[in-house]
Structure formats: C-alpha cells, structure tokens
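Here are some notes to read alongside the model. Please keep the sequence and the 3D view open as you go through the points.

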Amino acid sequence: MVRAINIFLEGSGDSREQRIVCRRAFQKLCEKMGFKGKMPTFIPCGTRNRAYKDFINSLKLNPQAINILLVDSEDPVKNLSPDPHSDIAWIHLNLRDGWIRPADTESYQALIMATSMETWIATDREALKVFFGKELQENALPPLPQIESQNRKEVFKKLEHATRNCKRPYQKGDQSFKILETLDPTTLHQHLIQFQRLKATLDIVLST
C-alpha cells in the first residue's frame with residue numbers, strides 16, 4: 001500500500017487564498033526537484049507553533065501516513081548536516097522551542113530551513129534578477145558562503161535593501177511564495193546544506 005506523505009509547513013496566513021499560494025510554491029519547487037508524479041502533500045499551517053501542533057495531531061490521527069515537519073530554524077544552527085538521519089533538527093527545535101520529539105519518529109521527520117525561507121530566496125540570484133528586474137542591487141544581498149549561518153533578520157533586511165528601488169520591494173507573504181516557486185533547486189542544492197537534507201529526505205520517503 002502506498003503511504004500518504006504529509007509535510008506540515010510553517011508559513012502562509014489564515015485565508016484560503018494565502019494557503020493556496022504557499023502550497024503551490026512548494027509543489028512547484030518539488031516538481032523541479034524531480035518528484036513530479038510522486039508528490040507529497042504540502043499543508044500550510046500558518047505559525048511555526050501551529051505547524052508543530054498539526055504535525056503532532058497527524059501523528060496521532062493519521063499514523064499510517066509519513067508525517068514531516070518543515071519550519072524555519074529561526075536561529076543559526078551549529079554543525080548542519082545534509083544527512084537525513086542526523087538529529088540536528090530535532091535537537092535544535094528542542095533547545096530553541098522546547099518541542100519534544102515524539103516517540104517512534106524518524107530523524108528526517110523534522111526538517112528546517114536555516115535560518116528562514118528568506119535564506120533560500122536570497123540564495124538564487126538569477127531568480128531574483130528575473131523577478132525584480134534591473135533595479136535589483138545584487139551586491140546588497142547577503143554573501144553566499146555560509147549563508148545558512150547568517151541571522152534571519154539581517155537576511156531579510158538585505159533583501160529589502162537590495163530591492164528598495166524595484167517596482168515592488170521584497171515583502172513576506174504572497175510575494176515571497178511567488179518567488180519561491182521560481183527558484184532553481186540546483187542552485188539551492190549547491191549552497192544550502194538543509195536543502196540538500198530536504199532532497200535526501202524526499203528521496204527516501206518518496207521511494208517507499
């Protein structure tokens with residue numbers, strides 16, 4: 001029997017339209033990663049705490065599914081590893097948020113965007129050029145080496161600053177998800193350890 005794969009996402013607002021935009025962005029990115037035709041179900045939950053609670057509830061109510069949590073790390077994480085069997089994500093979420101890893105869950109059932117979705121967005125310079133146009137100030141973006149260790153607020157400020165002269169400067173919300181769906185997974189995989197871990201995790205769960 002094919003098992004359902006649910007990924008509970010931090011992100012989106014409360015409206016149906018916002019959740020649709022968020023879900024579509026992750027679906028399109030996943031398709032470009034080579035998983036078209038065997039996609040997980042992305043479930044936008046709003047806040048990170050709500051994502052964790054919905055994940056926990058699904059473990060109880062839908063235990064036959066493979067349930068996965070995907071949230072921002074919020075803070076930099078030491079010793080990032082691309083290994084889906086690494087416990088770094090669970091350890092970080094316990095230390096930062098006090099979240100307890102449920103019994104009988106795998107290491108890969110907690111995934112993090114280090115340090116936030118803006119890190120992913122700031123990584124793909126070519127996608128940003130296409131989206132924002134020639135007014136984008138590329139040299140104001142955060143440096144790519146060790147971008148996952150940079151403070152999320154600084155990354156956000158640099159995105160705002162780099163796009164301040166553009167027709168629509170960078171904003172969280174619908175715009176950020178519209179950019180997300182245009183990102184190149186190859187570029188993200190090259191620079192982001194936790195994107196490598198996401199890809200490795202999907203390779204595991206989508207082959208079951």
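1. Let us begin with Phe131, which sits in helix 5 (residues 125-132). Helices here are DSSP runs of H or I with at least four residues, strands are runs of E with at least two, and both are numbered from the N terminus. This is a predicted model, in which local features need pLDDT of at least 70 and side-chain atom pairs count only at pLDDT 80 or more, while totals for chains, interfaces and linings use all residues. Residues are numbered from 1 along each chain as its sequence is written, and side-chain values use heavy atoms, with hydrogens and water left out.

2. Is Phe131 buried, exposed or partly exposed? Phe131 has 34% relative accessibility and therefore counts as partly exposed; buried means under 20% relative accessible area, exposed over 50%, and partly exposed in between, with a 1.4 Å probe and protein chains only. Not counting residues up to four places away in sequence, Phe131 touches Gln175, Lys178 and Ile179, where contact means heavy atoms within 4.5 Å. The C-alpha atoms of Phe131 and Phe35 are 24 Å from each other, and the two residues are 96 residues apart along the chain.

3. Now turn to Phe55, which belongs to helix 2 (residues 48-61). Phe55 has a relative accessibility of 0%, so it counts as buried. Setting aside residues up to four places away in sequence, Phe55 touches Phe8, Asn67, Ile68, Leu69, Trp90, Pro102 and Gln109. Leu9 is 46 residues from Phe55 along the chain, and their C-alpha atoms are separated by 9.2 Å.

4. Helix 2 as a whole is worth a look. Its 14 residues reach 20 Å from the first C-alpha to the last, close to the 20 Å expected at 1.5 Å a residue; the expected span is 1.5 Å times one less than the number of residues. Which residues of helix 2 are buried? They are Arg48, Ala51, Tyr52, Phe55, Ile56 and Ser58. These residues cover an arc of only 160° around the axis, which puts them on the same side of helix 2; the arc is that of the directions from the helix axis to the C-beta atoms. Lys60 and Leu61, on the other side of helix 2, are exposed. The cover over the buried residues of helix 2 includes strand 1 (5-9), strand 3 and helix 3.

5. Ser73 lies in the loop between strand 3 (66-72) and helix 3 (88-97). Ser73 is buried, with a relative accessible area of 0%. Apart from neighbours within four places in sequence, its contacts are Arg48, His92, Arg96, Ile112, Met113, Ala114 and Thr115.

6. Helix 9 (residues 193-205) has 13 residues, which should span 18 Å at 1.5 Å a residue; its end C-alpha atoms are 19 Å apart, which agrees. Buried in helix 9 are Gln194, Phe195, Arg197, Leu198, Thr201, Leu202 and Val205. They cover an arc of only 155° around the axis, which puts them on the same side of helix 9.

7. How many cavities of 30 Å³ or more does the structure hold? There are 2. On a 1 Å grid over the protein atoms alone, a cavity is a set of points where a 1.4 Å probe fits but cannot get out, a pocket is an open set with protein on both sides within 12 Å along at least five of seven lines, and lining residues have an atom within 4 Å of a point. Grid points are joined across faces, edges and corners, and a volume is the space filled by probe spheres set on the points.

8. The largest cavity holds about 50 Å³ of space. Its lining is made of Phe26, Leu29, Cys30, Met33, Phe42, Leu70, Leu198 and Leu202. Helix 1 (16-35) and helix 9 are the elements that give two or more residues to this lining, and helix 1 supplies the largest share, 4 residues.

9. The second largest cavity, with a volume of about 30 Å³, is lined by Leu70, Leu111, Ile112, Trp120, Gln194, Arg197 and Leu198. Helix 9 gives the most to this lining, with 3 residues.
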